[in-house]
Amino acid sequence: MMLLQTFACRFTPDELVNLVWAISELEFHQARTIEVLARHFMSLPPSRLTGTQLAVAARAFAKCGHTGARLFRAIARAATPHVFHMQTGDLTSLAWALATARRPSNMIMEHATEAAISNLKTMTAKQISELSSALMVAGALDSHRRLLSTVSSQSARPMHSGTVILGANASQPPWAQDDGSEAILQVENRT
């Protein structure tokens, strides 16, 4: 732990984001380790962070179970200037992370919804499912209705085909059961 505290302040933003992401993927969720990384992440100047780095870090911290208000408020504030330029997938990840940590930002939820509606054909079923879940958790019911209405109206048009299996070892939306069962979302390509 002492070694991590000593070297974490020397990490570049990319190195710190990659470390948090790797820890979240390995499911190495020791609270003290995550707290040290969160403190160092908050000490980075927001101007040095990209929208993608903020989205990846937010998702990783949320997957690790970190729900600290200070961290997620700082991420939401730092992401604000980036929302108009972020990729739809990054906005979706950011919205999911903020909702999972129970720290949603209305502005980010709204921009994620607008980006999703505008770019629905490029989104995967998993991204749509996670954004839908995030909007419900955040209480953004109007945005949720608009998203589902657009998905329904677009269902007659070609979309990405595929099956998303959200299982015990996959990233699950907050409403998914954690009993080892799999939730399957099927998207068919209709032409």
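Tutor: The side chains of Lys63 and Glu25 meet in a salt bridge, with 2.6 Å from N to O, where the term stands for a side-chain nitrogen of Lys or Arg within 4 Å of a carboxyl oxygen of Asp or Glu. This pair links distant parts of the chain, since Lys63 belongs to helix H4 and Glu25 to helix H2 (residues 13-26), 38 residues apart; helices here are DSSP runs of H or I with at least four residues, strands are runs of E with at least two, and both are numbered from the N terminus. Lys63 counts as partly exposed because its relative accessibility is 22%, and Glu25 is likewise partly exposed, with a relative accessible area of 40%. On this scale buried means under 20% relative accessible area, exposed means over 50%, and partly exposed lies in between, with a 1.4 Å probe and protein chains only.

The model is predicted, so local features need pLDDT of at least 70 and side-chain atom pairs count only at pLDDT 80 or more, whereas totals for chains, interfaces and linings use all residues. Residues are numbered from 1 along each chain as its sequence is written, and side-chain values use heavy atoms, with hydrogens and water left out.

Helix H4 also takes part in a contact of another kind. A search of the whole structure finds one aromatic pair, and Phe41 and Phe61 form it in an edge-to-face arrangement, 5.9 Å centre to centre with 65 degrees between the planes. Phe41 lies in helix H3 (residues 31-43) and Phe61 in helix H4 (residues 51-63), so the pair ties together parts that are 20 residues apart in sequence. For such pairs, rings of Phe, Tyr and Trp (its six-membered ring) must have their centres within 6.5 Å, and planes under 30 degrees apart count as stacked, over 60 as edge-to-face and the rest as tilted.

To return to charged contacts, the search of the whole structure finds five salt bridges, and Glu110, Glu114 and Arg146 are linked in a network of them. In one of its contacts the side chains of Arg146 and Glu110 meet at 2.7 Å, N to O; Arg146 lies in helix H9 (residues 141-154) and Glu110 in helix H7 (residues 106-118), so the pair ties together parts that are 36 residues apart in sequence. Arg146 also forms a salt bridge with Glu114, at 2.3 Å from N to O, and this pair again links distant parts of the chain, from helix H9 to helix H7, 32 residues apart.

As for the setting, the secondary structure of the protein chain comes to nine helices and two strands, which follow the pattern α-α-α-α-α-α-α-α-α-β-β along the sequence. Buried residues make up 43% of the 191 residues in the protein chain.
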